[in-house]
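I wanted a quick look through this one before planning anything else. Here are my notes, in the order I looked things up.

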Amino acid sequence: MTETPHVWAVGDVTETHHLVTGLPAYIALATVANKQGRIAGMNLSGASIAFAGVLGTATTRVGTTEVARTGLTLAEATAAGMNALETRIQADTKLGYFADVSPMTVKLVAEIPTGRILGGQIVGGSSSGKQIDTIATAVTAHMTVTQVVHLDLAYAPAFSDVWDPVQIAARTLISKLQWPHSSSYAMTGRHLNRARDPYDTYLKSTKLEREKKIVEKIPKIPVTPMALNLWYEGPAFVVADKPRGMAVHPEATDGIDTLVNGLLQSNRWLADMETSHSPGVIHWLMPMDRGLVLVAKSDEVADTLRQLYRDQAITFSYRVRMPREATPIL
Ligand SMILES: Cc1cc2nc3c(=O)[nH]c(=O)nc-3n(C[C@H](O)[C@H](O)[C@H](O)COP(=O)(O)OP(=O)(O)OC[C@H]3O[C@@H](n4cnc5c(N)ncnc54)[C@H](O)[C@@H]3O)c2cc1C
């Protein structure tokens, strides 16, 4: 109701409040106008319902490219005085063997240190824009990045990869929240200087551009269905028990039956992590050795682990079992 009794206002002529910041927000959208119109109608007939507020969830298509946004961008979160960080990931709109597959980019913003999702943006091919609704729902429900990763979302090859793109972005944010000293960690806030956007840094680097092209040419490493003994699986890394008789990496990109081929069942991002057929795993285990292998779940975590190893902050240990009757080679 307006200041004038019995006169109601809804839609584009009204200001409402933002669901994340709580601040006044003017967002002119049909979705907002329709909800407000319905609420005004119900209140006129005796109900007492309040309009919840807006996130500015919107999508549109420009040619064949869809764009969408909801909640806060990193700049908006910073301007609202929040500590936040963002990630930007690339995924496909469906599995790669479909003729009409196209790339999509998801940007996800979360609060530091709670991991609460604050907003996101999507740019990509057909059917990517409406996926913003997952992020809008997460923001409205005050979900954290971890809760989003655990969402039971639908998958079929014609609609997405096994990992939903929004969940891939949430997973990356978990790593960034857990590894704040990683070189590519970008954050803003009261206590920290603004760091470089890791994705922009990535694109600007000609060396990495070249490597990216090589990755695109390398065929995807095949998945070998197998039961793996995973000792630990967290958001940042997996600890796998490599059995005796199994190689860690395939010899070539079309190799099968190695630990990496098995890990790719549920760790598809491994295939995109490096330019070789030995993604994400640094090890000295021979096929006949049994051992625990620590597998990073993102380039950031892999970089951090390498640095920890270089700094001797983590070490590898080996236990060798000798048969009693073994005779030393002189
Ligand atoms: C090109 C375009 C594309 C858009 N696409 C989207 C989209 O994809 N998704 C989305 O959510 N939103 C979209 N919007 C925004 C959406 O159309 C508006 O937010 C929504 O229509 C607002 O509804 P409303 O009822 O407040 O105002 P309106 O829909 O503008 O309705 C106001 C009505 O009042 C009438 N009127 C004005 N003055 C008087 C008067 N003095 N006396 C009597 N009648 C009067 C007008 O003729 C009009 O019919 C788009 C807007 C534009 C312009």
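**After helix H10**

I started just past H10, where Gln312 has a positive phi of about 60 degrees. I kept in mind that this is a predicted model. Then I went back to H10 itself, which covers residues 299-310, 12 residues in total. I get 16 Å from its first C-alpha to its last, close to the 16 Å expected at 1.5 Å a residue. Which residues of H10 are buried? My list reads Asp299, Glu300, Val301, Ala302, Thr304 and Leu305.

**Around the ligand**

Next I checked what surrounds the ligand. I noted Gly11, Asp12, Ala28, Leu29, Ala30, Thr31, Ala33 and Thr60. Which helix gives the largest share of this shell? It is H1, residues 30-44, with 3 residues. Sorted by class, the shell has 4 nonpolar, 3 polar and 1 charged residues.

**The nonpolar core**

I then turned to the largest nonpolar core, and it has 53 residues. Its largest share, 7 residues, comes from helix H5, residues 165-178. The residues with the most contacts inside the core are Ala84, Leu108, Ala110, Ile117, Leu118 and Val139. As a general reminder to myself, nonpolar side chains tend to be buried together in soluble globular proteins.

Leaving aside neighbours within four places in sequence, Leu108 is in contact with Glu86, Thr87, Ile117, Gly120, Ile135, Ala169, Ala170 and Leu173.

Is Ala169 buried or exposed? I count it as buried, because 29 other C-beta atoms lie within 10 Å, and 20 or more is the cut-off. With neighbours within four places in sequence left out, Ala169 is in contact with Thr87, Ile89, Val106 and Leu108.

**Thr21, in a loop**

My last stop was Thr21, in the loop between strand S1 (16-17) and strand S2 (24-25). Thr21 has 18 other C-beta atoms within 10 Å, so I put it down as partly exposed. I also checked Thr21 against Gly71: they are 50 residues apart in sequence, and their C-alpha atoms are 9.3 Å apart in space.

How values were computed
Residues are numbered from 1 along each chain as its sequence is written. This is a predicted model: local features need pLDDT of at least 70, side-chain atom pairs count only at pLDDT 80 or more; totals for chains, interfaces and linings use all residues. Helices (H or I, at least four residues) and strands (E, at least two) are DSSP runs, numbered from the N terminus. The expected span of a helix is 1.5 Å times one less than its number of residues. A residue is buried if 20 or more other C-beta atoms lie within 10 Å of its own, exposed if 12 or fewer, and partly exposed in between; C-beta atoms are placed from the backbone. A residue is near a molecule or strand if its C-beta atom, placed from the backbone, lies within 6 Å of it. Ala, Val, Leu, Ile, Met, Phe, Trp, Tyr, Cys and Pro count as nonpolar, Asp, Glu, Lys and Arg as charged, and the others, Gly among them, as polar. A nonpolar core is a set of buried Ala, Val, Leu, Ile, Met, Phe, Trp, Tyr and Cys residues joined through C-beta atoms within 7 Å. Two residues are in contact if their C-beta atoms, placed from the backbone, lie within 7 Å.
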